[in-house]
Amino acid sequence: MANVVRHRFFWPLLMLVVLLASNLIFTPDFFAVDVRQGHLYGSLVDIVRFGAPLILVSLGMTLVIATGGIDLSVGSVVAICGALACLRISELGDQNSVVGVLMAVGLALGLALLLGAWNGLLVAQVGIQPIIATLILMVAGRGLAQLITDGQIITVNSSPYKLIGGGYWLTVPFSILVALLVFGLALLLTRRTALGLLIESVGGNAEASRLAGIHARRIIFTGYVFAAFCAGVAGLMISSNVSSADGNNAGLWIELDAILAVVIGGTSLAGGRFSLGGTVLGALIIQTLTTTIYTIGIPPETTLLFKALVVTVVCLLQSPAFRAKVFGRRRKPPLPQPDREQPTKVEVPA
Amino acid sequence: MFSGEGETVLKKISAVVLGGLMVTAMAACGGDGGAGSGSGNDDGTITLGFAQVGAESGWRTANTKSVQDSAKEAGIDLKFSDAQQKQENQIKAIRTYITQKVDVIAFSPVVESGWDTVLREAKDAKIPVILTDRAIDSPDKTLYKTFIGSDFVLEGKKAGEWLVTEYQGKTEPVNIVELQGTTGSAPANDRKSGFADVIKADPKFKVVASQTGEFTRAKGKEVMEAFLKANKDIDVLYAHNDDMGLGAIEAIEGAGLKPGVDIKIITVDAVKDGMQALADGKINFIVECSPLLGPQLMDLVKKVVAGETVPERVVTEETTFNQEQAKAALPNRQY
């Protein structure tokens, strides 16, 4: 039992379960999943479906943060990729042509890689602080997205494109399959090869790693390219889900949610330690929280406060120092001085 | 402490210098040949300085285009600036117009408050100000001549009135879900209250869920998905703009229901995509919120310059569309 509690996923997982369970009070059939229109249908399906873009962006963010950096530009990359793909598709003679859609998707993802390389170049080669370097693209990128869309919302009507973010494959939402695939690949590359170790080493101390013979710059560079690629795929999903590209609002503030997901997942913001599984959990907690707010009907005016409270609780529970202070006392032997006040019993939120 | 003060002084100086440079640069750009800046006062043509919010949506782009086109038609010299959704840019633009001595300043305020200082400067320079499309929150009503724009409360009322007529004579309860605009924004607040005012007269209308969809398709879809799961029996969707409604339509279709039939949909705005959905029968009713206020604005500008009195509040000419009207209007829809 103690081992279970001490597992690093215990607290985030507990929060996720508590959040999901709290929906049952308001919606008794919250966990019900049935097949409608030939695909899975239910609140849980919604959570993974709408959470998929955030999972992707957060995965990229995890590796960047693991190298001791941060990428603020992912939201803009989301907007740019969605905009470019939709623009290309809207120019197609036949929007349902698979080849045309693949070309548009390839072009958008190519641009994402290029944008990631730009970030990587600024951070790894030029040596600009990551928060500043990526801030450039965060601000300028929105402008670029608006330039692509001409300030308009581009609507497309393409069933192959629709599949990426809003479609289903064998009744399962396609977007979650893509997110799972990227997650699996990232896990394989970082944990079955030495890459993960190298990333953590660079994040711990880039200079020492370099002296030890690790191509620190190359690793950091790759991190930003991967983050931008993930953001690009997320951008395709978001725009595909509503069959339109919105340069102003697509992926707005997603970088903050992604950083939050990374932190909830137990990755150190100082770099040098990361957990991809934890990040996926973190992203799911955030999406569950959003869905919960809609389902139980928290008034929009208080939504942000409610979110802040839940996030605070999650972060506090995640902190070993906080847990030791609050829950640790019970396990300790009674204090020597009998006149000191009894440790106050702290209610564990159900 | 000392160095901190030094820094702020330095900042101020550089800001002033920079501002001065910008004004000179803009004035130089503005004066096209001969008369120099503020040429409007000399040769009789009216100069209008227009500070736009930015290009935030198709609606806004249509708004910009309407102002530009009708200025050209009315023979008014238009100086246009784009604030990119930032108040400080808009204030900068207004100050530039004051230095250029334009005849009239018009602008769509990015936010409601914080305009008193710059508008007082305009007033001191005897340049009349017209607010377009969005209001400001200031106790001093003399800071601007008039406010032209949509009446968001009225839009909400029109939406409610259609609903009341649609369900006339029926007694069973009508469950309504509402997709609000961005929390705290004037259109969201007013469209909500106008709608609520009309339907509260009849207890059969019940708003069972109301959440913000942030005026976007993506959020509209996401929130509607949650509504559909939490409320088994939804009769009507009221969305504060077309885009959220369009997102919600996808959610409704995904749930195996027919938008427009199983769930009746009312939206506001009447942009092209929304009108298309209305013509296709997926939306039942759209209240127009027209961005095409250029011609009305130019009329007001002329009247203000001529010294005629203008009403304090001018409401944009707007209509409503049902499915048949949408089919007729769709081919000529500009935005």
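Guide: A pocket is an open set of points, on a 1 Å grid over the protein atoms alone, where a 1.4 Å probe fits and protein lies on both sides within 12 Å along at least five of seven lines. This is a predicted model, in which local features need pLDDT of at least 70 and side-chain atom pairs count only at pLDDT 80 or more, while totals for chains, interfaces and linings use all residues. Residues are numbered from 1 along each chain as its sequence is written, chains are lettered from A and ligands numbered from 1 in the order in which they are written, and side-chain values use heavy atoms, leaving out hydrogens and water.

Visitor: How many residues line the second largest pocket, and which lie nearest its centre?

Guide: The lining (residues with an atom within 4 Å of a point) has 34 residues, and those nearest the centre are A:Lys162, A:Ser243, B:Glu250, B:Glu253 and B:Lys282. The space in this second largest pocket is about 780 Å³, taken as that filled by probe spheres set on points joined across faces, edges and corners.

Visitor: Which element supplies the largest share of that lining?

Guide: Helices (H or I, at least four residues) and strands (E, at least two) are DSSP runs numbered from the N terminus. Helix 9 of chain B gives the largest share, seven residues, and among the other elements that each supply at least two are helix 3 (43-66) of chain A and helix 10 (272-279) of chain B. By class, the lining has 10 nonpolar, 12 polar and 12 charged residues, where Ala, Val, Leu, Ile, Met, Phe, Trp, Tyr, Cys and Pro count as nonpolar, Asp, Glu, Lys and Arg as charged, and the others, Gly among them, as polar.

Visitor: What area is buried between chain B and chain A?

Guide: Buried area is the accessible area (1.4 Å probe) that two parts lose on being put together, summed over both. Here it is about 2600 Å², with 49% given by carbon and sulfur atoms, and the contact (heavy atoms within 4.5 Å) takes 35 residues from chain A and 32 residues from chain B.

Visitor: How many salt bridges are there between chain B and chain A?

Guide: Side chains of opposite charge can pair when their charged atoms come close. With a salt bridge taken as a side-chain nitrogen of Lys or Arg within 4 Å of a carboxyl oxygen of Asp or Glu, the count between the two chains is four. One joins A:Arg49 to B:Glu225 (2.5 Å, N to O). In another salt bridge, A:Asp29 meets B:Lys232 with the closest N and O atoms 3.7 Å apart. A:Asp29 lies in the loop between helix 2 (10-26) and strand 1 (34-36) of chain A, and B:Lys232 in the loop between helix 8 and strand 8 (236-239) of chain B, so this pair joins two chains.
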